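Subject: Structure handover

Hi,

Here is the structure I promised to pass on. Have a look at it first, and then read my notes below.

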Amino acid sequence: MQSSGGSAEQARPLFGGALSAVVPHSATDVSDLREIPDNQEVFAHAHTDQSLIVELVEYQGQVADQDAARYHFEDIAGSNKALEPGAFEVSSLTALSKSAVCLSECSSAWMLTGTQQVSKFNEEARNTVTLHLGLLRLPQFSTDVLITFNDPQSISPDSSSAAAVGTLREPWTVQDFQRLLQTLTLHNPELFG
């Protein structure tokens with residue numbers, strides 16, 4: 001795959017090389033900074049408050065494919081303490097063709113965009129974050145793969161994230177998120193047990 005600069009982008013190993021995907025070159029591996037759960041790979045932008053997360057979660061067999069992305073979005077909203085009325089909204093949900101993703105093992109693929117009013121570190125201040133969620137369903141491995149792009153739109157001046165405002169040097173784009181989603185590749189199914 002070619003980036004806009006013309007140089008070939010390299011797929012980055014994830015989960016010990018069991019998966020790989022093209023991650024933006026400016027991504028900082030958060031596991032180098034703090035402990036991350038074993039079911040997540042978390043990347044932060046070096047100069048913005050943006051993040052990309054690849055997460056392996058339990059397959060939700062009771063949830064129909066067309067409802068699963070919304071289910072996970074609402075679960076994330078709960079984790080973000082953003083479940084009260086008006087704190088989250090889904091603006092689009094799109095089914096992706098299996099030919100649009102490299103993870104050929106998935107039974108279905110979805111992309112959801114929404115917003116959440118979230119606070120960091122249990123602060124009172126709330127930030128408006130556009131959340132782009134990719135869902136790749138792997139029922140044969142009892143796994144749903146979530147790829148989340150957190151893209152802050154409005155930062156409260158009282159938030160600890162306010163320091164990042166105004167430093168938007170080469171922020172990540174939806175295309176960076178889509179590239180990660182589309183290039184995710186399975187190399188070792190033993191990852192799923």
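Leaving aside neighbours within four places in sequence, which residues is T148 in contact with? They are S51, L52, I53, I76, L131, H132 and L133, where contact means heavy atoms within 4.5 Å.

Before going on, please note that this is a predicted model, in which local features need pLDDT of at least 70 and side-chain atom pairs count only at pLDDT 80 or more, while totals for chains, interfaces and linings use all residues. Residues are numbered from 1 along each chain as its sequence is written, and side-chain values use heavy atoms, leaving out hydrogens and water.

T148 sits in strand 9, residues 143-154 (strands are DSSP runs of E, at least two residues; helices are runs of H or I, at least four; both are numbered from the N terminus). T148 is buried, at 4% relative accessible area (buried means under 20%, with a 1.4 Å probe and protein chains only).

Now to the cores (sets of buried Ala, Val, Leu, Ile, Met, Phe, Trp, Tyr and Cys residues joined through side-chain atoms within 4.5 Å). The largest nonpolar core has 27 residues, and L14, L136, V145, I147 and L184 touch the most other members. Among the elements that each supply at least two residues of this core are strand 8 (127-138), strand 9 and helix 2 (174-183). A second, separate core has 13 residues, including L131, which is also one of the contacts of T148.

Overall, the protein chain has two helices and ten strands, and 44% of its 193 residues count as buried.

Best wishes

Terms used:
Buried means under 20% relative accessible area, exposed over 50%, partly exposed in between (1.4 Å probe, protein chains only).
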